[in-house]
Amino acid sequence: MLIQALAAAALLAASAHAQTPCSGRLDSPVSTVPLPSAPFGVVVSSDGCSVFASLMNAGGGKLSGVAVLHRTGGKLDLVRTVPTPEPLTGIVLTHDGKLLIAAALTRIIFLDVACLVSGCSKPIAGSFSTGDKMQSIYVNVTADDKLLFVSEESAAAITVIDLARARKNGYRADSIVGKIPVGRAPIALTFSPDGRWLYTTSQSAVPAWGWPAACKPENQQRGSNLVNPEGAVVVIDVARAKSDPENAVSGRIKAGCSPVRMAISPSGDRIYVTARNNNAVVAFDASKLISDPAGARLGMAPVGAAPVPIALVNNGKLLVVGNSNRFAGGGSAESLTVLDTAKIGASGGATVGTLPAGEFPRELRLSPDGQTLYLANFGSHSLQAMDVASLPGAQR
């Protein structure tokens, strides 16, 4: 009887957690919250109650820092903005929910989550530079919160940081383990579900790889010659990166022109990359990236102009892609393309629909319960929340 009672209590607790006031469907299919500056990244707390957007003082924005939003019921509201000394780009929450870590171009900034939520006076726990002229752009942490990876856009490298040490020593630069050499302008940092591999994108190959010119300049498409090589997906051995970052790369594969963001299927068998300069998404068989690079590429699906953000929804059945159109002058609302992942590369086409976005959609993030998709509209200074069940193709 005692065992049965405990089992029943556990089921009730799980049910209560699954139906928190911060989860579930939105009151409307799409809601948009204005922000004071250009949002770059967005992350969501594990309970879905807090949403954080990193802000750059770009495009007329007046603030660099963090926008703190609260989700309750089907509504999303801006609670406060927290200024930082530098503009923020990519952000990540530690898995214990205590730290928000932000890339800030010239340094990495660590912010106390409880302080951000409560509005205390000193939310910045610490910061340090990862090196001169790195242009830190994206961040991610291992599932055990022990290692932090930073993509350095200007240095063609990924910085490895002993996060456990940084938290103990007051966030000093001596917690840097080293740097992983990759291709030019690395962005995405995506872990395999088992944590063994870290996948990153590099927008262009380095000369030492000997890859031929295959891409036109992004801002000079008409009549331009092929002057740049393709970019790459680079595969990093996480265990080796802990002690030998310089030799942690296990493989690389051509990934189209200017690959930027990445999404990985729930099982880890597929990865999807936005090839910004191809106006397309490229799909790969993750199991072949090292063993059979020539056979790893599964296909390409056309989308809109200069796609950047990407996210999987419906348990990996649908892929949502943000078309930034960033090289056409900007100043207008753009769109999202929804793809059927099973049809990428098929002759019939993978697009199942489109929906409106703001100006320069830059980051997509799915809520932990999988029911809300958040979009940072960089150019129009807004955060867009979308009900996943209302997306094109979601009811198939």
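I take a polar contact to be a pair of N or O atoms within 3.5 Å, where, within protein, one atom must be able to donate a hydrogen and the other to accept it, and residues adjacent in sequence count only if both atoms are side-chain atoms. I am working on a predicted model, in which local features need pLDDT of at least 70 and side-chain atom pairs count only at pLDDT 80 or more, while totals for chains, interfaces and linings use all residues. I number residues from 1 along each chain as its sequence is written, and my side-chain values use heavy atoms, with hydrogens and water left out.

**Entry: Glu218**

I looked up Glu218 and found its side chain in a polar contact with the side chain of Arg276, at 2.6 Å. Glu218 is placed in the loop between β16 (213-215) and β17 (228-229); strands are DSSP runs of E with at least two residues, helices are runs of H or I with at least four, and both are numbered from the N terminus. Glu218 counts as buried because its relative accessibility is 16%, buried meaning under 20% relative accessible area, exposed over 50% and partly exposed in between, with a 1.4 Å probe and protein chains only. Leaving aside residues up to four places away in sequence, I list Ser258, Arg276, Asn277 and Phe327 as what Glu218 touches, with contact meaning heavy atoms within 4.5 Å.

**Entry: aromatic pairs**

I searched the whole structure and noted 5 aromatic pairs. Rings of Phe, Tyr and Trp (its six-membered ring) pair if their centres lie within 6.5 Å, and planes under 30 degrees apart count as stacked, over 60 as edge-to-face and the rest as tilted. Phe149 and Phe191 make an edge-to-face pair, with 5.8 Å from centre to centre and 70° between the planes. Since Phe149 belongs to strand β11 (residues 147-152) and Phe191 to strand β14 (residues 184-191), this pair ties together parts that are 42 residues apart in sequence. Phe149 is buried at 0% relative accessibility, and Phe191 is buried at 14%.

I then turned to Phe360 and Phe378, whose ring centres are 5.4 Å apart and whose planes stand at 65°, so this pair is edge-to-face. Phe360 sits in the loop between β27 (351-356) and β28 (361-366) and Phe378 in the loop between β29 (372-377) and β30 (382-387), so the pair links parts that are 18 residues apart in sequence. Both are buried, Phe360 at 11% relative accessibility and Phe378 at 12%.

**Entry: charges over rings**

I counted a charge as sitting over a ring if NZ of Lys or CZ of Arg is within 6 Å of the ring centre and within 35 degrees of the ring normal. The charged end of Arg362 sits over the ring of Phe378, 4.4 Å from its centre, and that of Lys254 sits over the ring of Trp211, 5.6 Å from its centre.

Tyr171 lies in the loop between α3 (163-168) and β13 (176-181), is buried at 12% relative accessibility, and has a positive phi of about 60° although it is not a glycine. Ala156, in the loop between β11 and β12 (157-162), also has a positive phi, near 50°, and is buried at 19% relative accessibility.

**Entry: whole chain**

I recorded 4 helices and 30 strands in the protein chain. Buried residues make up 55% of its 396 residues.
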